Amino acid sequence: MSLRIHLRHVRTVDPAAGPLCTPSIRTWCRRHDIDLRALCAEGIDIDDHPHLHDDPFVMRAIAIARAEAAPGAQETSDAT
């Protein structure tokens, strides 16, 4: 099963700093050729974006998504 990261994962990368602002997320998506609408709606399959695996920010988002997907993880809402 492929891992998907969603907007909620990106927004929670650095909880100490608070959620990222919308303009910053748009810029991040453009820089990495990510469809923002897809990220918001159904998430993106990380395997479809191998260029992201070198990005420390993305690696933190992936870790959050993996923790959420782990058996016994608390259910979270897809709402952002």
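Modeller: A nonpolar core is a set of buried Ala, Val, Leu, Ile, Met, Phe, Trp, Tyr and Cys residues joined through side-chain atoms within 4.5 Å. Please keep in mind that this is a predicted model.

Colleague: Thanks! Which residues have the most contacts inside the largest nonpolar core?

Modeller: That core has 19 residues, and those with the most contacts inside it are Ile5, Trp28, Ile34, Leu39, Ile44 and Ile46. Helices H1 (7-11), H2, H3 and H4 each supply at least two of the core's residues. H4 gives the largest share, five residues.

Colleague: What does Ile34 touch, beyond residues up to four places away in sequence?

Modeller: Ile34 touches Trp28, Cys29, Leu39, Ile44, His49 and Leu52.

Colleague: His49 is on that list. Why is His49 called buried?

Modeller: Buried means under 20% relative accessible area. His49 has 14%, so it counts as buried. This histidine lies in the loop between strand S2 (44-45) and helix H4 (56-69). Leaving aside neighbours within four places in sequence, His49 is in contact with Asp33, Ile34 and Ile44.

Colleague: And Asp33, why is that one called exposed?

Modeller: The cut-off for exposed is over 50%. Asp33 has a relative accessibility of 64%, so the residue counts as exposed. Asp33 sits in the loop between helix H2 (22-31) and helix H3 (36-41). Its phi is positive, about 55°, although Asp33 is not a glycine.

Colleague: What makes you say that the buried residues of H4 line one face?

Modeller: The buried residues in H4 are Phe57, Val58, Ala61, Ile62 and Ala65. Seen down the helix axis, the buried residues fall within an arc of 135°, so they line one face of H4. They pack against strand S1 (4-5), H1 and H2. On the other side of the helix, Pro56 and Arg66 are exposed.

Conventions: Residues numbered from 1 in each chain as written. Predicted model: local features only at pLDDT ≥ 70, side-chain atom pairs only at ≥ 80, totals over all residues. Heavy atoms only, no water. Helix = DSSP H or I, 4+ residues; strand = E, 2+ residues; numbered from the N terminus. Buried < 20%, exposed > 50% of the residue type's maximum accessible area, 1.4 Å probe, protein only. Contact = heavy atoms within 4.5 Å. Arc of directions from axis to C-beta.
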